[in-house]
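Here is a short walk through one protein chain. Keep the structure in view as you read.

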Amino acid sequence: MLAETICSAVSAAGLGLAAVTAYRKRFLAAVRITAYALVPVALVMTGFVDWVSGMVFDPVVWAGFGLLGLSWVLFMTTRAIERRGIAASGNSAEAAGSDRPAKKVKGRPATGAVAPAASAPSLGSGAARTGPAPQSAAPADDFSDIEAILKKHGI
């Protein structure tokens, strides 16, 4: 009964504010305030306020919300552990000897790193050449520098 009285008072105050706004020739704002002011009375008339007040003061409902919160915490904890890669001592794919590469996990060192010499630029001796420029051995060698750079960056 107290909730119905409070909702009625809030609606009456909102309608009074809407009347003052309409008196100041701000009709669009007055209609918007009226719409908001009618919501609390509508909630009382539909029984929503009784349902919410019955739910708020019921200890079984609070226990249910507590279990929902615990469930959420467990889900988020397991998700965070899985993302960090702390879940087990080894992946099941590694334990089974699978040929699949291990999943990249943030914070772990890269497996199969490229040697530093692989990314060194090939500048030549720097001496003046007297003959025609040497041609590449095969078209596949044209992309060897690019492949080395991509491997260096783990792409």
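L68 is found in helix α4; helices here are DSSP runs of H or I with at least four residues, strands are E runs of at least two, and both are numbered from the N terminus. L68 is exposed, with a relative accessible area of 57%. Exposed means over 50%, buried under 20%, and partly exposed in between, using a 1.4 Å probe and protein chains only.

This is a predicted model: local features need pLDDT of at least 70, side-chain atom pairs count only at pLDDT 80 or more, and totals for chains, interfaces and linings use all residues. Residues are numbered from 1 along each chain as its sequence is written, and side-chain values use heavy atoms, leaving out hydrogens and water.

Helix α4 (residues 59-84) gives the largest share, three residues.

Now turn to α2. α2 bends by about 30° at V39, and P40 follows within four residues. The bend is the angle between axes fitted to the seven residues ending there and the seven starting there. A29, A30, A37 and P40 are the buried residues of α2. Their cover includes α1 (2-23); contact means heavy atoms within 4.5 Å.

K25 lies in the loop between α1 and α2. K25 is exposed, at 64%.
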